[in-house]
Amino acid sequence: MLVIVAPGQGAQTPGFLNPWLELPGLADRLSAWSDLVGLDLVAYGTTAGADEIRDTSVAQPLLVAAGLAVAEVLGASPDIVAGHSVGEFTAAALAGVLTPEQALVLVRERGQAMAKAA
């Protein structure tokens, strides 16, 4: 049984995607989703500093995209998914409730709205 629990905002750290980018296809997937959300997800996950990725409008799409991309390139088919806060979008997409693209568009809007409200 495979259980995936997707983290919420605050789990991101500078450079956290560096080791994952060695997986074939991961950079391509993140680049495609970068266009969708209007953020360079690869750069934010590899070279951006802590303050840059703390921004809610960046952190939320970055975390969801990272979780979805890693699950995809690993071929993970979880039996159970759960998510904390923004990780619920990752979990919903992994469960097939949303497509990855729908989850990313929704989380982009959520992150921008929360950043503006703060």
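Helices here are DSSP runs of H or I with at least four residues, strands are E runs of at least two, and both are numbered from the N terminus. α5 is mostly covered, with 6 of its 8 residues buried: G87, F89, T90, A91, A92 and A93. Buried means under 20% relative accessible area, exposed means over 50%, and partly exposed is in between (1.4 Å probe, protein chains only).

A quick word on the model: it is predicted, so local features need pLDDT of at least 70 and side-chain atom pairs count only at pLDDT 80 or more, while totals for chains, interfaces and linings use all residues. Residues are numbered from 1 along each chain as its sequence is written, and side-chain values use heavy atoms, with hydrogens and water left out.

## Either side of α5

Have a look at S85, which lies in the loop between β2 and α5. S85 is not a glycine, yet its phi is positive, about 55°. Most residues other than glycine have a negative phi. At 31% relative accessibility, S85 counts as partly exposed. After α5 comes G96, with a positive phi near 85°.

## α4 against α5

Two packed helices are described by the angle between their axes and the distance between the axes. Helix α4 (residues 56–74) and helix α5 (residues 87–94) pack at about 30°, with axes 8 Å apart. That makes α4 roughly parallel to α5. The axes are lines fitted to C-alpha atoms, for helices over the stretch in contact, and angles run from 0 to 180 degrees between N-to-C directions. Under 35 degrees counts as roughly parallel, over 145 as roughly antiparallel, 65 to 115 as roughly perpendicular, and the rest as oblique.

On the α4 side, the contact is made by L63, V64, G67, L68 and A71, and on the α5 side by F89, T90, A93 and L94. Contact means heavy atoms within 4.5 Å. Sorted by class, there are 7 nonpolar, 2 polar and no charged residues between α4 and α5. (Ala, Val, Leu, Ile, Met, Phe, Trp, Tyr, Cys and Pro count as nonpolar, Asp, Glu, Lys and Arg as charged, and the others, Gly among them, as polar.)

## α6 and its partners

α4 also packs on α6, at an angle of about 160° and with axes 7 Å apart. That makes α4 roughly antiparallel to α6. By class, this contact of α4 with α6 has 10 nonpolar, 5 polar and 2 charged residues.

The axes of α1 and α6 come within 10 Å and cross at roughly 45°, which makes α1 oblique to α6. Here R29, W33, L36 and V37 of α1 meet P100, E101, L104, V105 and R108 of α6.

## The nonpolar core

Which residues have the most contacts inside the largest nonpolar core? They are L30, W33, L41, V64, L68 and L104, in a core of 26 residues. Such a core is a set of buried Ala, Val, Leu, Ile, Met, Phe, Trp, Tyr and Cys residues joined through side-chain atoms within 4.5 Å. At least two core residues come from each of α1 (26–37), α2 (41–46), α4, α5 and α6 (100–117). The largest share, 9 residues, is from α4.

Finally, W33 touches L41, A65, L68, A69, E72, P100, E101 and L104, leaving aside residues up to four places away in sequence.
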